[in-house]
Amino acid sequence: MMDWQGQKLAEQLMQIMLVAFAVVAFLTGYVMGSFRLMILVYAGGVFLTTLITVPNWPFFNRHPLKWLDPSVAEKYPKPQPQEPPVVLKKKPAKK
Amino acid sequence: MHSFGYRANALVTFAVTILVIMCAMASFSDNFNSPSPTASVQVLNINWFQKQLHGNDEVSMTLNISVDLQSLFTWNTKQVFVFVAAEYETPKNSLNQISLWDGIIPSKENAKFSIHTSNKYRFIDQGSNLKGKEFNLTLHWHVMPKTGKMFADKIVMTGYRLPEDYR
């Protein structure tokens, strides 16, 4: 499981890591004059990013939602669907 | 919503999008390369020159082809296809092109060479126009990149002439 903050973190981490690996891969490939090296570095980066941001690491669940215990919840009445509030017609203002 | 599959899908989509951008940049970086290839082709010998039974002229020659195409290679080049064509004008057609020899250069290390060969493909005119004909030998090449569009260019070498008589 991931909490809300974990989800945000995972998504940002995924985007930042991929862009960073792409920049590193492109520069490495260009400087070394090897297209193959660029692809290999990027492939490694994608693999590492997958490993870090896709599984449900406990790391992403450090701010769990606190749900009420069922026994506590039953002590309170469930909120009933309310009648739509009556719209009052505007009275003509007195002169 | 934020499940394993959802995150894997988002990651793959984003990763492939970035890969497309990287390939586009690699292709664009080829524009910074300004190649200066050199080539020279010598006709060492006319082996034979005759009229076929149907009336078409055919000539066989020995060529020496020296080229240096190393500057065409960049990090985004897969291979270079190169061919030598004889080009000449006849009363009927303003340009006749006959491929005499071709080759595929797989890497920069193999891009500078000098070979001695008779024409790989037959030099036959569609007619009887070759006697004493002046012709050009043109080295054409097509650069095939790993990503992006192909480039083609040529070097035209002039001043060749076929013999006046069959032999």
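**Reading the helices of chains A and B**

Mentor: In this predicted model, the buried residues of α1(B) are B:R7, B:L11, B:A15, B:I18, B:M22 and B:A26.

Trainee: What do the buried residues of α1(B) pack against?

Mentor: They pack against two helices of chain A, α1 (4-32) and α2 (35-53). Over the whole interface, 17 residues of chain B are in contact with 23 residues of chain A. The side of chain B that touches chain A divides into 12 nonpolar residues, three polar and two charged.

Trainee: How do you know that helix α1 of chain B is close to its expected reach?

Mentor: Compare the two spans. Residues 4-29 of chain B make 26 residues, for which 38 Å is expected at 1.5 Å a residue, and the helix reaches 37 Å from its first C-alpha to its last.

Trainee: Why is A:L13 called partly exposed?

Mentor: A residue is buried with 20 or more other C-beta atoms within 10 Å, and exposed with 12 or fewer. A:L13 has 14, so it falls in between and is partly exposed.

Trainee: Which residues does A:L13 touch, leaving aside those up to four places away in sequence?

Mentor: A:L13, which is found in helix α1 of chain A, touches A:I52 and A:T53. A:L13 and A:T53 are 40 residues apart in sequence, yet 7.0 Å apart in space, C-alpha to C-alpha.

Trainee: What does UniProt list as "transmembrane region" in chain A?

Mentor: The unreviewed entry lists residues 12-32 and 39-60. In the model, residues 12-32 of chain A are 100% helix, with end C-alpha atoms 30 Å apart. Residues 39-60 of chain A are 68% helix and 0% strand, with end C-alpha atoms 29 Å apart.

How values were computed. Residues numbered from 1 in each chain as written. Chains lettered and ligands numbered in written order. Predicted model: local features only at pLDDT ≥ 70, side-chain atom pairs only at ≥ 80, totals over all residues. UniProt positions renumbered as here; feature names shortened; annotations may be inferred. Helix = DSSP H or I, 4+ residues; strand = E, 2+ residues; numbered from the N terminus. Contact = placed C-beta atoms within 7 Å. Nonpolar A, V, L, I, M, F, W, Y, C, P; charged D, E, K, R; others polar. Expected span 1.5 Å × (residues − 1).
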